[in-house]
Amino acid sequence: MTTGTQTAQPGATVAVRALTKRFGSRTALDRVGFELRSGEVAAIIGPNGAGKTTLLSIIAGVLDPTEGEVARPSGTGRFGWVPQEPALYSKLSVAENLRLFARLERVSDPEQAVDAMLAQTGLTDRAGEEVGRLSGGNQQRVNIAIGLLSEPPALLLDEPSASLDPRQRERLWEFIAGLAERGTTILFSTHNVAEAERYASRVLVLGDGELLFTGTPAELERAVHTEDRTPGDFETAFVRFLHDRGH
Amino acid sequence: MRWLLVKDLQILKRSPLLVALLVVYPVVIALMIGFALSSPPGKPTVAVYDAVPSGRGAVSIGNQKIDIAHYANQLFDSITPIRVSSRAAAIAKVQGGQAQAALIIPADIIDQINGLITQGVGSPTVELFLNSRDPLERQFAEQAISARASQVEQAVSKQVLRVAVTDLRQVLNGGTLQFLGQNVPILGLRNARAIVQGTIDTLPVNSALKPALKQVVNFADLAIGGFSFATPVLGSIGSPLTIRQVELAGRTTPTASYAAAIAVIVSLMFVGVLLAAGLLALERSENAYSRLVRGLITPGGLLSEKVLLAALGAAAVTLLMSAFVSLFVHLDWARFPLWVAALVLGGLAFAALGVAIGGLARDVSVASLMAFVLSLPIAFVALVPGDAVSGTLKSILDAVAFVFPFRAALQAAANAFSGAAPGIGWPLVHLAVLALVFGALARLAMRRFSAS
Ligand SMILES: Nc1ncnc2c1ncn2[C@@H]1O[C@H](COP(=O)(O)OP(=O)(O)OP(=O)(O)O)[C@@H](O)[C@H]1O
Ligand SMILES: [Mg+2]
């Protein structure tokens with residue numbers, strides 16, 4: 001198991017090769033492989049327990065794969081990571097959490113990065129509050145802000161918009177689009193299929209740990225329609241797709 | 001690592017309940033254990049040198065005897081006497097710490113008491129040597145002895161008074177006195193006065209004897225009046241017995257400073273183990289932990305941070321505790337650098353044990369429970385006296401005591417506090433090795449966790 005030691009192909013920020021992860025007898029990921037180019041925005045979709053979190057965690061370096069490898073260009077910094085569950089110190093204030101991770105990430109100007117993220121997530125006036133006392137959505141805002149602190153080469157987000165209100169969701173996607181334009185590779189998971197269709201240039205469909213499909217949202221829709229010729233929206237197409245493959 | 005330390009301190013500052021559990025509770029427990037072990041046993045140990053030849057322990061007053069030996073035995077009921085054969089030996093016991101006090105009863109005490117009672121001269125004196133190094137025990141021994149001594153005093157003066165009053169009445173009113181088995185009649189002052197007065201009345205008016213006898217009658221009047229008042233005044237006879245106290249700067253009994261070391265090390269263990277296990281488990285129960293392991297900090301760095309924080313915290317708490325304990329038990333402040341060395345290294349070893357436990361548990365409550373469940377037997381195994389068990393069991397207990405930090409820490413602290421054997425070098429090395437071993441075990445436990 002080698003993670004992040006191999007060099008990815010030129011132009012690729014992340015190359016995932018034959019990743020397998022087993023928890024005891026359960027196979028959470030089964031020989032998953034794909035590559036992401038710089039500035040690409042990719043969405044992982046799939047039912048509960050499909051292996052989305054497992055895949056993102058391995059790429060983020062939180063989990064070790066059982067087999068396979070994650071390759072990245074040498075000399076690039078750590079990937080940004082927004083875990084599914086808010087990963088925060090509940091006893092620390094919003095600003096203290098941000099400052100701590102800015103320092104641990106060795107951001108050149110921690111105070112400036114903290115202020116920028118507080119403004120971005122609209123939490124400036126709650127900076128002094130203990131994170132444990134924030135609402136779930138506001139905790140998620142802080143959780144996202146920490147992942148965005150260090151301007152990483154690639155950003156991994158696990159269901160980032162799940163508990164955000166529509167206004168914050170909008171701001172998040174605006175911000176992410178801005179990052180992608182500047183060359184940051186984005187890989188996010190979501191159950192909001194419309195979101196994947198709208199913001200991602202590529203969708204990866206996971207089912208029971210297998211990578212069932214990779215391509216543009218339009219290609220996914222076409223794959224379903226060519227099979228049974230029923231027109232419909234993207235979500236219906238996705239559900240149909242999974243159903244056809246026994247998921 | 002610095003920022004992680006700052007973060008943990010902030011979290012601890014905001015978790016007063018957790019800190020109370022992790023710090024105050026262990027200290028209270030330890031102090032209770034310490035006091036239970038060091039509180040003076042029911043009776044103080046007193047070295048007694050009684051120079052009075054046997055069979056000469058009674059004072060005769062008038063026709064009554066006061067058996068001093070009887071009161072001395074009562075005194076011995078309230079102390080644990082060590083009988084020695086010389087004054088020097090008694091003092092040596094106090095200086096050596098085997099006795100809390102020495103009581104010396106001089107050979108001539110009976111004569112002195114006799115002299116005081118019969119002629120009003122003499123000062124019967126016993127000597128009491130107290131160990132002033134240990135204020136708590138000193139006070140304890142002093143109270144036990146002086147309470148009994150004043151009982152002796154009271155008994156003697158009551159007896160003296162009773163004898164004196166009886167004698168006085170006989171002097172005044174006459175009566176019979178037992179002397180050498182014979183009843184001897186005593187005339188008495190009042191009768192004597194009556195006889196003299198009668199004699200004066202029968203004398204011729206110008207007899208030359210008359211003025212002289214008149215003087216005798218006047219004196220008798222005066223004496224009768226005076227003696228009648230004198231009886232209660234006799235009660236105020238001062239203490240017939242003087243206790244001359246001497247303070248000795250003897251060594252504290254080794255058990256006292258050893259018990260202090262036990263209390264301090266029990267605290268060190270609880271604070272170190274609980275704090276380290278709790279902090280590591282707290283880190284992992286907070287989701288934020290998953291961010292750290294992505295190369296923000298190495299597992300080794302994370303463990304070192306927890307061990308350092310817990311060890312320094314435990315050492316600080318127990319140093320304060322030692323200073324407090326030294327108000328009651330003599331601890332050698334001249335060896336203070338060794339205190340620090342023993343408590344810091346002991347803290348490191350206990351904290352390493354703590355992170356090994358915390359590495360296995362996934363949340364704070366499980367970690368604390370495991371730390372408690374493991375700590376107590378570790379302490380007890382190390383405290384089982386060598387002669388309480390034998391054979392295989394002893395070897396097993398010794399082996400267990402060897403692989404955990406308690407015994408080594410206790411030896412180091414006992415030596416630091418009072419120079420107790422065996423020295424401090426090996427225990428410190430032992431602790432350093434244990435700190436490394438448990439640190440490595442914790443590292444393995446962490447790996448197991450991150451792989452899942
Ligand atoms: N630590 C673990 N130990 C054992 N099994 C695990 C562990 N983590 C995940 N799994 C299993 O691996 C599979 C994939 O889980 P994962 O969390 O990656 O799914 P997911 O796609 O993120 O689901 P969701 O949409 O609900 O977030 C599941 O069957 C899950 O039960
Ligand atoms: Mg998930």
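In this predicted model, a polar side-chain atom of Lys52(A) lies 2.7 Å from an oxygen atom of ligand 1, and the protein covers 66% of the 640 Å² of accessible area that the ligand has on its own.

**Around ligand 1**

- Of the 14 residues around ligand 1, those that come nearest are Gly49(A), Lys52(A), Thr53(A), Thr54(A) and His191(A).
- The backbone takes part as well, with a polar backbone atom of Gly51(A) 2.9 Å from an oxygen atom of ligand 1, and a backbone N or O atom of Ala50(A) 3.2 Å from an oxygen atom of ligand 1.
- Helix 1 of chain A provides the largest share of the shell around ligand 1, three residues, and by class the shell consists of four nonpolar, seven polar and three charged residues.

**Between chain B and chain A**

- The two chains bury about 2300 Å² between them, 56% of it on carbon and sulfur atoms, and in chain B the residues that lose the most area to chain A are Arg291(B), Arg294(B) and Leu296(B), which together make up 34% of what that side buries.
- One salt bridge is counted between chain B and chain A, and in it the side chains of Glu96(A) and Arg14(B) meet at 2.7 Å, N to O.

Notes: Residues are numbered from 1 along each chain as its sequence is written. Chains are lettered from A and ligands numbered from 1 in the order in which they are written. This is a predicted model: local features need pLDDT of at least 70, side-chain atom pairs count only at pLDDT 80 or more; totals for chains, interfaces and linings use all residues. Side-chain values use heavy atoms; hydrogens and water are left out. Buried area is the accessible area (1.4 Å probe) that two parts lose on being put together, summed over both. A salt bridge is a side-chain nitrogen of Lys or Arg within 4 Å of a carboxyl oxygen of Asp or Glu. A residue is near a molecule or strand if one of its heavy atoms lies within 4 Å of it. A polar contact is a pair of N or O atoms within 3.5 Å; within protein, one must be able to donate a hydrogen and the other to accept it, and residues adjacent in sequence count only if both atoms are side-chain atoms. Accessible areas come from the Shrake-Rupley method with a 1.4 Å probe; for residues, only the protein chains shown count as cover. Helices (H or I, at least four residues) and strands (E, at least two) are DSSP runs, numbered from the N terminus. Ala, Val, Leu, Ile, Met, Phe, Trp, Tyr, Cys and Pro count as nonpolar, Asp, Glu, Lys and Arg as charged, and the others, Gly among them, as polar.
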